[in-house]
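The paragraphs that follow lead through a protein model by way of its helices, sheets and loops. Please keep the sequence and the coordinates at hand while reading.

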Amino acid sequence: MEEIYNNDLKQYLIKKFNYDKLFGFDIQKHVKLFFIPKKDHIIQDTKTPEYLFYLVKGKTKLYENLENGQVALIDLFTPACFIGEIELTEKNMTPLNVQAIEDCLCLGLSFKDLKTTLLNDTVLLRNLLSYLSHKNMRNIQVAARNQSYSLAKRLASFILMTEQNGIYDEKHTQVAQYLGVSYRHLLYVIADFVKKDYIEKEQSGYKILNLPKLKALAKR
């Protein structure tokens, strides 16, 4: 992760996402702009988070390292969304990992300099409450879809969400756990996608061959 010293770009993103309206105080002299390259972490469970981030470009995934050595994929984030809001409000909570699926840009405010101000900002707290409520509703909807829709439809949506430049390369074990299916069932549907020429196996993952077909399947 590196800070970008480009005020024009920062001001453009603040205006585009109405970022300054999320707070009840002037954030202009405090906000920073960060670039997070693909596969780098925005938050790690081994480090105390330093910023309240706001994702404005790219895709990220939230995951947890389990005691048995496995990795549990929990959620996927796209703009615009907060990252680090739980760590801001829950002092003793061990942070989860947030990793960039592709190159990302985030606006950020320092916990060290502004934590007390942020926690006493009623405008921010109302916006965080609204954000968390919408996130919770989305998670409920995902759980409902996992029970109601075919794996083919859900996998097509997942591939479209996580692909980067036409390549899908997520780990099967994590995807099976996230979609609530067996590893064998997931491999069966992936093999069917290959057979139908939706995707093609490559060394780096799977290349998307028929994007319109995947989009049509995801919308069924």
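Is K213 buried, exposed or partly exposed? The model is a predicted one, in which local features need pLDDT of at least 70 and side-chain atom pairs count only at pLDDT 80 or more, whereas totals for chains, interfaces and linings use all residues. Residues are numbered from 1 along each chain as its sequence is written, and side-chain values use heavy atoms, with hydrogens and water left out. With a relative accessible area of 45%, K213 is partly exposed, a class that lies between buried (under 20% relative accessible area) and exposed (over 50%), as found with a 1.4 Å probe on protein chains only. K213 belongs to helix α8, residues 211-219, where helices (H or I, at least four residues) and strands (E, at least two) are DSSP runs numbered from the N terminus. Between the C-alpha atoms of K213 and A176, which are 37 residues apart along the chain, the separation is 22 Å.

Once neighbours within four places in sequence are left aside, L124 is in contact (heavy atoms within 4.5 Å) with L22, F23, L52, F82, L88 and L118.

Which strands make up the open sheet of four strands? The order is β3-β8-β5-β6, with antiparallel pairing, and two strands pair if DSSP finds at least two bridges between them. Because β3 (41-43) and β6 (71-77) stand at the edges with a single partner strand each, one side of each is left without a neighbour in the sheet. Neighbouring strands of this sheet are turned by 30° against each other on average, with direction ignored; axes are lines fitted to C-alpha atoms, for helices over the stretch in contact, and angles run from 0 to 180 degrees between N-to-C directions.

Within this sheet, strand β5 (residues 60-65) is joined to β6 by six bridges in an antiparallel run, with E64 opposite A72 and N65 opposite V71. The hairpin of β5 and β6 has five residues between the strands, and there G69 takes a positive phi near 95°. Towards strand β8 (residues 97-100), β5 pairs in the antiparallel sense over four bridges, and the bridge partner of Y63 in β8 is N97. Helix α6 (residues 172-179) lies across β5 and β6, running at about 70° to β6.

The backbone in the loops also deserves attention. Most residues other than glycine have a negative phi, and most peptide bonds are trans. N18, in the loop between α1 (7-16) and β2 (32-36), has a positive phi of about 50° although it is not a glycine, and counts as partly exposed at 44% relative accessibility. K39, in the loop between β2 and β3, has a positive phi near 75° and is likewise a residue other than glycine. The peptide bond from P79 to A80 is cis, with omega near -5°, and A80 is found in the loop between β6 and β7 (81-83).

Another region brings together helix α5 (residues 151-162) and helix α7 (residues 183-195), whose axes come within 10 Å and cross at roughly 75°. The two helices α5 and α7 are therefore roughly perpendicular to each other, since angles under 35 degrees count as roughly parallel, over 145 as roughly antiparallel, 65 to 115 as roughly perpendicular and the rest as oblique. L151, A152, L155, A156 and I159 in α5 meet H185, L186, V189, I190 and F193 in α7.

Finally, an open sheet of three strands has the order β10-β12-β11, with antiparallel pairing. β10 (167-168) and β11 (199-202) stand at its edges, each with a single partner strand, so one side of each is left without a neighbour in the sheet. Four bridges join β11 to strand β12 (residues 205-208), and I199 stands opposite I208 in β12.
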